[in-house]
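Please keep the sequence and the 3D view at hand while reading.

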Amino acid sequence: MRDKLLSQRISAIKESATLALNAKVKALAASGVTVYNLTAGEPDDQTPQYIINKVSDHLHENKYTPISGMPVLKDAIVQHARSFYDANWMDSSMVVVTAGAKPALSAIMQSLLNPGDEVIVPTPAWVSYTYMVQLADGVIKPVPLQSDFDLDVDALQAAITDKTKAIIINSPNNPTGKMYSSSALKKLAKALENTDVFIIADDLYTKLVFEPFTPITSCGFTPDKLIIVNGFSKSQALTGWRIGYVIAPTDIAQSLNRTLSHTSGNASVPSQYAAIGALEVDDTPPMLENLRTRRDIVARALSSTNGISFTLPDGAFYFFIDIHQQADDAADWCADLLEQTGVALVPGNDFYAPGFVRLSYAVDEETLTAALQKISQFIQSYSQRQRSKS
Ligand SMILES: Cc1ncc(COP(=O)(O)O)c(C=O)c1O
């Protein structure tokens, strides 16, 4: 009944499926059940010591900063980004510091979209894009990736209409862990040459890569249509600190400042210092080698499990496992898995891929190895049950 009191806009919004599931699994663990939580979208590392040191030196600072961030941080971001993106054209008027990548992406949608404007997203895709677009009165247009999880540029081009405002590129990708090939990105840049379509590059996982990485800036997209979102949540294990940034054409950056000046305000001062601390060590993820070892552990275990298939991820900390041979609806399959084994995976349904499950290997090796054994046993028994049913 009280639902009627809410706006139509908010009534259409579901809570983030991944966060909700993670909370449910944590509650189950707190109640004493043994769970193997492979749902987390965050590194399991502690806050790096160099960040703690940097922030502790500035705890007395308690005042608002400029909305777009402290000048010293913006300068550090520009210096870092010019080298990382091989892009000397970047300057601090293009930088907006935000309380994580989510508010950045959300403010971008508020700035770009008129009612009915379309945003194309290659799918499988991270759960929140859809709702951010909807909250800005836009329309999300999912366009499936190819079977190897690379971009289908012809399909993307075919999906463009006169209402298309932007295409979201997230590489390495959540949930697939794959990077898009530079040839596909270059082909897309060519296809967009004479259009007004923005590329929104969600670059949150670009530091967590195991293979050579081509930055979005080297693919031929015009800088005046390129909006980059990056941050420190995943690369520095700072998910709870809420710190990220945008690099956008100056007019777009200014529009983001206007939005943020009335909504979140500036990112918190300690977190801005944390970002400076990260950039002083060149933002290199401390846990990258551990993640590579764990990726290989998962790949070995899944390779010897019949009844599923997977593509080896290039980065981030996810495997996106194809369970079509077992079930069409991963939500039910994951519920059974959790109930029977205590292992929690994220069903692909909210990533536009109901025949897949996402496994996060951002957990310690012991938990990972035990969970993989249980997953493998579950899959074998599931296959047997399916065979005896038919
Ligand atoms: C692809 C992607 N973009 C953005 C975000 C949001 O990051 P932040 O925690 O910095 O808001 C996430 C978090 O899971 C993500 O996976």
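Predicted model: local features only at pLDDT ≥ 70, side-chain atom pairs only at ≥ 80, totals over all residues.

A residue counts as buried here if 20 or more other C-beta atoms lie within 10 Å of its own. By that cut-off, strand E6 (residues 198–202) is mostly covered, with 5 of its 5 residues buried.

**The seven-stranded sheet**

- An open sheet is formed by 7 strands, in the order E2-E8-E7-E6-E5-E3-E4, and its pairing is mixed.
- The edges are held by strand E2 (95–98) and strand E4 (139–144); each has a single partner strand, so one side of each has no neighbour in the sheet.
- From one strand to the next, the twist averages 20 degrees.
- Strand E5 (residues 164–169) runs parallel to E6 and is joined to E6 by 4 bridges.
- Two positions show this pairing: Ala166 stands opposite Phe198 in E6, and Ile169 has Ala201 in E6 as its bridge partner.
- In a regular strand, side chains alternate between the two faces of the sheet.
- In E6 both faces are covered: Phe198, Ile200 and Asp202 lie on one side, Ile199 and Ala201 lie on the other, and all are buried.

**The ligand shell and Ala101**

- The ligand is surrounded by 13 residues, of which the closest are Gly100, Ala101, Lys102, Asn174 and Ser233.
- By class, the shell around the ligand divides into 3 nonpolar, 8 polar and 2 charged residues.
- Ala101 belongs to helix H5 (residues 101–112).
- Is Ala101 buried or exposed? Ala101 is buried, because 24 other C-beta atoms lie within 10 Å, and the cut-off for a buried residue is 20 or more.
- Leaving aside residues up to four places away in sequence, Ala101 touches Asp202, Leu204, Val229, Gly231, Ser233 and Gly244.
- One of these contacts, Asp202, is also among the buried residues of E6.
- Ala101 and Glu280 are 179 residues apart in sequence, and their C-alpha atoms are 20 Å apart in space.

**Helices H5 and H9**

- Two packed helices are described by the angle between their axes and the distance between the axes.
- The axes of H5 and helix H9 (residues 250–262) come within 9 Å and cross at roughly 105 degrees.
- Angles of 65 to 115 degrees count as roughly perpendicular, and H5 and H9 are therefore roughly perpendicular to each other.
- On the H5 side the contact involves Ala107, Ile108, Gln110 and Ser111, which meet Ile252, Ser255, Leu256, Thr259 and Leu260 in H9.
- Sorted by class, this contact has 5 nonpolar, 4 polar and no charged residues.

**The four-stranded sheet**

- A further open sheet has 4 strands in the order E9-E10-E13-E12, with antiparallel pairing.
- Strand E9 (309–310) and strand E12 (346–347) stand at its edges with a single partner strand each, so one side of each is left without a neighbour in the sheet.
- E9 pairs with strand E10 (residues 318–322) in the antiparallel sense over 2 bridges.
- Phe310 stands opposite Ile321 in E10.

- Where does Asn306 lie? Asn306 is in the loop between helix H11 (288–303) and E9.
- Asn306 is exposed, because 10 other C-beta atoms lie within 10 Å, and a residue counts as exposed at 12 or fewer.
- Asn306 and Pro354 are 48 residues apart along the chain, and 20 Å separates their C-alpha atoms.

Note on methods
Residues numbered from 1 in each chain as written. Near = placed C-beta within 6 Å. Nonpolar A, V, L, I, M, F, W, Y, C, P; charged D, E, K, R; others polar. Contact = placed C-beta atoms within 7 Å. Pairing = 2+ DSSP bridges. Axes fitted to C-alpha atoms, helices over the stretch in contact; angles between N-to-C directions. Parallel < 35°, antiparallel > 145°, perpendicular 65-115°, else oblique.
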